[in-house]
Amino acid sequence: MMVRLKSQRELDRLRASGELVGRTLGEVARYLEPGVTTLELDREAERFVRQNDAEPAFKGYTMPGLKPFPGTLCVSVNDVVVHGIPGAYKLREGDVVSIDCGVRLDGYFGDSAYTFALGQITVAEQALCQAAYEALYRGVGAAVSGNRVGDISHAVATRCARYGVVRDLAGHGIGRELHEKPQIPNYGRPGRGTLLRTGATICIEPMINLGTHAVTTSADGWTVRTADGTTSAHYEHMVAISDGDPEILTTFSYIEDVIEPPYIVTHG
Ligand code: MG
Ligand code: MG
């Protein structure tokens, strides 16, 4: 399996893309409130991305047999796991809203996701979001040179053992392509899989369900839902493997500057 390792110049580009995607999610977070439609969030994101001389990465993304994805964001509410299409749905108090954003800046992609609690969500949903959030950072912690992809997968899955860890979708390498090798599954065996080498850039993205791991795809071809109708959470960072600690190329700091309890699940 061919994993493209990045030069310092390429890493600089990816840092810029990661920063922009973080800023875009922070911008979107400012508009999150009951009554706003998911399409309104999407328009805000697209305006912000283009204003910063980048283009939306998901808009127009094609898969065999599907219509091109129409949004700048994937907005995935409650039982929608990922790839929710922005539209007329008005967000409501108590919604668990996962927002995934991709950009392309100077030829290099950025990709990051965050799950928001819109006001009061259930205790079980809070614990789910907390677990998915922590699992992301456990995965990042395992993303060191000399480890293997399975070490990341295992770290994520172990934190979410009581939940349904989605198996049908995975994280991925990123660079000049939105989805490069290797795949980064959220379950797996430590010590197995592709060797992680300095210069590899990957997206780690736990998708975690309150119920079972099973998912179904809606008739639109994109929207992925939990098969049992339970709530799902999704967090994603882009990470560069280095000789030292992993470098997180995206950032949640712009989001976490904006959101205030109780409109967000607070993370310790
Ligand atoms: Mg993403
Ligand atoms: Mg991704």
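1. Three strands form an open sheet in this predicted model, in the order β6-β10-β13 and with antiparallel pairing. Strands, like helices, are DSSP runs numbered from the N terminus (strands E, at least two residues; helices H or I, at least four). β6 (164-165) and β13 (232-234) are the edge strands, each with a single partner, so one side of each has no neighbour in the sheet.

2. The antiparallel strands β6 and β10 are joined by two bridges; strands count as paired if DSSP finds at least two bridges between them. V165 has I208 in β10 as its bridge partner.

3. Helix α3 (residues 123-141) lies across β10 and β13, and runs at about 30° to β13. Axes are lines fitted to C-alpha atoms, for helices over the stretch in contact, with angles from 0 to 180 degrees between N-to-C directions; contact means heavy atoms within 4.5 Å.

4. Because D111 belongs to strand β5 and E236 to the loop between β13 and β14 (237-240), the pair ties together parts that are 125 residues apart in sequence. Donors are N, O and S atoms within 2.8 Å of the metal (3.2 Å for Na, K and Ca); water is not among the atoms, so sites may look incomplete.

5. Which residue bridges the magnesium ion (ligand 1) and the magnesium ion (ligand 2)? D111 does so, and the two ions lie 3.2 Å apart. D111 is buried, with a relative accessible area of 2%, and E205 is buried at 7%. E236 is likewise buried. Buried means under 20% relative accessible area, exposed over 50%, and partly exposed in between (1.4 Å probe, protein chains only).

6. On conventions, residues are numbered from 1 along each chain as its sequence is written, while chains are lettered from A and ligands numbered from 1 in the order in which they are written. Local features need pLDDT of at least 70 and side-chain atom pairs count only at pLDDT 80 or more, whereas totals for chains, interfaces and linings use all residues, and side-chain values use heavy atoms, leaving out hydrogens and water.
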